Amino acid sequence: CIETVPATATAEGDLVIQVKAVKSKSKSSGKFFSIRSFLMGFWNNLLGMIGFVKFRKAARKNWEERKAYEDLVRRKAMEKKLAKAQQQNPNNNNNAAPGMA
């Protein structure tokens with residue numbers, strides 16, 4: 001606690017400050033862990049691992065679908081490039097991609 005004492009207070013006589021004695025009680029947190037908290041932590045970790053495996057399978061399916069779609073887009077883009085190259089150069093009948101001849 002901080003209290004400002006006026007400068008004239010010491011000139012007038014004795015200054016008496018009463019402070020209430022307070023003892024802070026320390027509360028024990030108990031054991032570091034209980035059996036119940038250990039079992040709940042184990043159960044939580046087990047559920048997390050099961051959820052990870054479950055969602056990993058769904059993510060793998062999604063990844064394979066995306067990869068197939070990207071391959072389809074890549075193939076369509078290559079077909080367009082080849083068609084455009086054949087239109088620009090009808091004398092060249094080899095099926096090489098532009099820039100790869």
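E64 and R60 form a salt bridge, with their closest N and O atoms 3.7 Å apart (the term covers a side-chain nitrogen of Lys or Arg within 4 Å of a carboxyl oxygen of Asp or Glu). The two residues sit four apart in helix α2, so about one helical turn separates them. Both are partly exposed: E64 has a relative accessible area of 46%, and R60 comes in at 49%. Here buried means under 20% relative accessible area, exposed over 50%, and partly exposed in between, with a 1.4 Å probe and protein chains only.

## How to read the model

This is a predicted model, where local features need pLDDT of at least 70 and side-chain atom pairs count only at pLDDT 80 or more, while totals for chains, interfaces and linings use all residues. Residues are numbered from 1 along each chain as its sequence is written, and side-chain values use heavy atoms, leaving out hydrogens and water.

## The second salt bridge

Searching the whole structure turns up two salt bridges. D71 and R74 are three residues apart in helix α2, about one turn of the helix. D71 is partly exposed, at 35% relative accessible area.

## The overall picture

The protein has two helices and zero strands (DSSP runs numbered from the N terminus: H or I of at least four residues for helices, E of at least two for strands). Of its 101 residues, 3% count as buried. L46 belongs to helix α2, which spans residues 35–88, and is partly exposed at 31%.
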